Amino acid sequence: MEKASLWTDTKLKNLTEVKETFLSEKSDQQGRGRGGQIGGIYTDFTVNQQLQNDQEIIINGQSWFFNKFNYGYVYKFLDDSLDPQENNGYIVALSNNQEVRYFINYFSQNAQVSLQLLLNNYNKAVQVLSQPVVVDDGFLLWLFQKYYNDDTEFQISDREGVGPSILAIDSILAVKGDTSDQITSIDASGEQISNYISVLSFLLESSNLYKMGLRISYGPHKKIEFVIDRPRKSSFISIDVVNYTGTLEKESLDSKIAKLLIIVNLIIFPKLIQIYQEDTTWNAQSMEKFFSDLGSDIRIRTDSLLKDVQDKISLDTIQTDLNV
């Protein structure tokens, strides 16, 4: 799963400047710990451009150019008893020649420090600012009820500059959440998750979902799987590049990762949020109906399960009598 955070550059404006800075020779930098004391040295920098040529993608009618860079560096402590820390990751840099944005793999240690180091701007004024995606508590519940009610197709006016296309939620692959008192929780995954009585019962008790996995199709992208995770106010998206099918299949892994990060985070996810915010049909009345339907569905499925159990008990009794 590819997971990255989004940042903007307050200084550089185009991709040429970014490449020149990233690929320039790096000097060792003193790392300061708590209290401003020097605790070690950042050294042994490596930065490699992964795409031979910059690539272009259209976002909301604008041309953006991007490339992917793999990086690494070592933090050597002044205390010789401590082992050096190796840091490795990647950055997808993109620009419309007016601003520069960066995706940096979420698992790299201290994303802002890594960017500042690679931009030759460590221990100086902050050059990169985090751009988290913020959604309210009802967004994931809205997504679930759309899928539950088989209302899963949305027309998107701009598919990477090609024109109108259909974005469809094909499956909900996972949900996670808990109640306000955190006594009851749910953590479920599977192809038919909307059929799980445990999931439906949880939603009936509490709408506090904070994680959801989706499988969607979007234009020539036949299958994109990603997870929306909102542990606090911000949301992060993890993308399953391996399970992707569509027009990007024949591209290199570096190109595929870069494009999927951009497409999901800057096109698909914002479009879903926009549709949610503009959905005037989702109100107190429709929410009440949704929960009422959940209750009815749970009763029907529970009765069906009980009947299956009763039938099995009756069958076992008959077989036992025959054996006797």
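Modeller: We shall take the helices and then the aromatic rings. This is a predicted model, in which local features need pLDDT of at least 70 and side-chain atom pairs count only at pLDDT 80 or more, while totals for chains, interfaces and linings use all residues. Residues are numbered from 1 along each chain as its sequence is written, and side-chain values use heavy atoms, with hydrogens and water left out.

Biologist: How do helix 3 and helix 5 cross, and at what angle?

Modeller: Two packed helices are described by the angle between their axes and the distance between the axes. Here the axes (lines fitted to C-alpha atoms over the stretch in contact) of helix 3, residues 139-148, and helix 5, residues 253-278, come within 11 Å and cross at roughly 85°. The two helices are therefore roughly perpendicular (65 to 115 degrees).

Biologist: Which residues make the contact?

Modeller: With contact meaning heavy atoms within 4.5 Å, helix 3 contributes F139, W142 and L143, and helix 5 contributes F269, L272, I273, I275 and Y276.

Biologist: What kind of aromatic pair do Y42 and Y73 form?

Modeller: Rings of Phe, Tyr and Trp (its six-membered ring) pair if their centres lie within 6.5 Å; planes under 30 degrees apart count as stacked, over 60 as edge-to-face and the rest as tilted. Y42 and Y73 are edge-to-face, at 5.8 Å centre to centre with 70° between the planes. Y42 lies in strand 3 and Y73 in strand 5, 31 residues apart. Both are buried (under 20% relative accessible area, 1.4 Å probe, protein chains only).

Technical notes:
Axes are lines fitted to C-alpha atoms, for helices over the stretch in contact, and angles run from 0 to 180 degrees between N-to-C directions. Helices (H or I, at least four residues) and strands (E, at least two) are DSSP runs, numbered from the N terminus. Angles under 35 degrees count as roughly parallel, over 145 as roughly antiparallel, 65 to 115 as roughly perpendicular and the rest as oblique. Buried means under 20% relative accessible area, exposed over 50%, partly exposed in between (1.4 Å probe, protein chains only).
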